[in-house]
Amino acid sequence: MWQARVGYAFEIPLLTLGPEFELNLQQKNNSLADYLREGLVTQRNNDPEFKLYSTTARFARTEQLTLQKLLRAKGYYRAEVTPQVLAEKIIYGIDTGPRYLIEHIRFDVPTDINFASQEQMLLAPNQPLEADAVLKGLDQFSQLIEQENCLFEVHASYEARINHDTRRAEVIYRVQNSTQAVFGSIRLAGLSTVNPDYLRSKLGINSGDCFNRKRLEKARLALLRTNLIASIDENLSHPANGKVDVDLQLVERHHKTVKAGGGYSTDEGPFTTLGWEHRNLFDAGQIVTLSTRLSSHRQSLEGVFTVPEFVSEDQKLEVFSELAQEDLDAYESKRLLNGFKLTTQLNPVLSLAYGAEFKFSEVIDETDPETFGLLYFPIGLKWDTTDNILDSRQGWTLNTQWIPYIDMLDTGTHFYKTIISGSAYHTLNQLPASPTLAVKLATGGLTGASLNQVPSDERYYVGGGGSVRGYNYQSLSTLDGNNDPEGGRSFNEISLETRLHHGPNWGTVWFVDGGYAYDATLPDFTHTLRWSTGVGLRYFTSFAPLRFDIAWPLNRRRSIDNAFQLYISLGQAF
């Protein structure tokens with residue numbers, strides 16, 4: 001293991017290629033030291049040429065140039081980097097010198113191109129001459145020019161004129177002249193089953209609108225997001241009489257899909273899933289999905305009809321029905337469920353879901369069979385900033401849900417469930433194996449009825465592959481005389497994972513899970529959770545990672561818990 005020590009900052013051990021190095025800055029600047037250290041570590045880990053270096057001096061010569069380049073990018077154009085090469089260590093002495101500043105910003109814009117929003121530019125005089133800031137200014141300049149005009153093309157560039165005597169620079173942003181135009185005819189070709197009027201309603205552009213390439217790109221994305229189009233070839237005419245004709249050659253997706261899958265867990269054994277989907281039932285993106293799951297403990301058949309952009313483009317309607325049977329340690333049940341759900345996307349990361357469901361069920365636990373007719377109205381909010389639903393590496397989620405229940409066969413029975421859950425993900429790409437740190441927390445409570453009044457299949461249960469791995473499914477609650485779980489009216493769960501990525505296809509995971517379901521209506525945060533730990537293997541497919549986990553209970557109960565549990569499925573655990 002090598003160590004990289006940053007002068008005036010701190011020491012951090014790093015699994016990185018090459019000799020140990022130390023940065024000694026004459027001017028104390030912790031943030032700059034961190035930036036330089038990260039730049040060297042990233043180069044060592046990502047540049048294949050470094051694997052060929054055989055001497056410490058070779059590392060030093062290359063990294064001296066790298067440090068000078070990094071310093072110039074921060075505005076230090078007179079920086080001096082002096083490497084001191086020892087047997088197995090390099091000490092880089094760094095004198096940053098003065099930092100160059102921006103003296104003037106000038107805009108070179110043709111007279112027939114509008115640019116009245118100079119005051120919106122974030123780059124300003126007397127700011128440091130940083131490469132990132134100048135490039136961001138170029139992007140903003142291009143966006144403002146595009147917003148104020150109807151240009152067929154926007155070609156923007158910049159020039160930095162540096163005066164080394166005054167240590168100041170003039171930044172000049174330029175845009176080439178181009179024709180102002182509007183959209184002409186918009187043609188959709190290649191369709192056979194999809195209603196073209198439906199797709200036109202997604203474009204967001206019409207003939208006569210101001211020509212804008214970003215609006216055209218948004219139109220392409222809108223068509224692809226319907227899941228009805230596989231690819232789009234775009235052809236634009238040159239402006240004629242101020243008009244640009246758009247020809248979109250579309251290739252439809254196959255609208256019908258047959259799916260098959262499966263998995264394994266020690267407590268459930270093998271299971272199989274089968275499904276069929278039609279994504280264009282009425283030629284406008286309506287989706288019908290039929291699916292079934294079969295195992296020794298549960299069998300289900302479900303149908304879902306989805307109407308995208310129901311009433312508004314940010315809302316979808318799902319109507320569903322399920323017939324299911326379960327034979328678990330906690331209970332046996334047969335149920336018929338019907339309901340609907342409306343999901344409204346309030347903004348890119350926040351959605352609201354609400355609906356109504358009716359479940360007719362027969363439930364058997366330690367008592368005689370009971371029949372229930374539960375009517376309930378779930379409502380929930382979900383925040384989601386993650387980058388991938390099946391393999392999140394950055395971002396976080398927060399889910400809140402409240403569900404009032406009433407038994408239509410016994411109107412004196414009613415209760416309310418509240419569930420709050422969240423997860424967070426952060427990947428350290430600058431470290432070897434790009435570890436992803438992942439955490440999940442969940443808690444919930446049930447009020448309005450005693451535990452015995454709540455149907456066994458509506459109580460909270462903890463334990464198993466989607467909860468606390470290493471313990472039997474639903475086993476972490478009070479047990480009856482037969483060691484069968486009774487479930488609870490509240491629960492707590494926590495999971496921590498470190499996910500390592502070994503190349504494009506393989507990964508390993510270490511995890512710790514904890515949780516318990518309580519008799520009380522509110523979670524008992526003073527109650528000791530039951531914990532487990534384990535390791536896993538991941539194979540990353542083009543769709544989602546294939547997951548193999550083995551987990552061991554740390555609070556194993558004699559004659560109740562197995563020595564370990566094995567899980568095989570698709571997608572990360574959370």
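This is a predicted model: local features need pLDDT of at least 70, side-chain atom pairs count only at pLDDT 80 or more; totals for chains, interfaces and linings use all residues.
1. Residues are numbered from 1 along each chain as its sequence is written, and side-chain values use heavy atoms, with hydrogens and water left out.

2. The structure holds 20 aromatic pairs, where rings of Phe, Tyr and Trp (its six-membered ring) pair if their centres lie within 6.5 Å, and where planes under 30 degrees apart count as stacked, over 60 as edge-to-face and the rest as tilted. One of them joins Phe183 and Phe211, whose ring centres are 5.0 Å apart with planes at 50 degrees, so this pair is tilted. The pair links distant parts of the chain, 28 residues apart, with Phe183 in strand E9 (residues 182–189) and Phe211 in the loop between helix H4 (196–203) and helix H5 (213–225); helices (H or I, at least four residues) and strands (E, at least two) are DSSP runs, numbered from the N terminus. Phe183 and Phe211 are both buried, a word that means under 20% relative accessible area, with exposed over 50% and partly exposed in between (1.4 Å probe, protein chains only).

3. Tyr516 and Tyr518 also form a tilted pair, because their ring centres lie 5.6 Å apart and their planes stand at 50 degrees. Tyr516 counts as buried at 13% relative accessibility, and Tyr518 counts as buried at 5%. Elsewhere, ring pairs link Phe107, Phe115, Phe141 and Tyr173 into a cluster.

4. A charge sits over a ring if NZ of Lys or CZ of Arg is within 6 Å of the ring centre and within 35 degrees of the ring normal. Arg213 lies over the face of Phe152, 4.8 Å from the ring centre, and the charged end of Arg469 sits over the ring of Phe511 at 3.7 Å from its centre.

5. Strand E9 returns in an open sheet of three strands, ordered E9-E11-E10 with mixed pairing, where two strands pair if DSSP finds at least two bridges between them. E9 and strand E10 (229–236) are the edge strands, each pairing on one side only, and the twist averages 20 degrees from one strand to the next. E9 and strand E11 (residues 243–252) run parallel and are joined by six bridges, and Ile186 stands opposite Val246 in E11.

Key:
Axes are lines fitted to C-alpha atoms, for helices over the stretch in contact, and angles run from 0 to 180 degrees between N-to-C directions.
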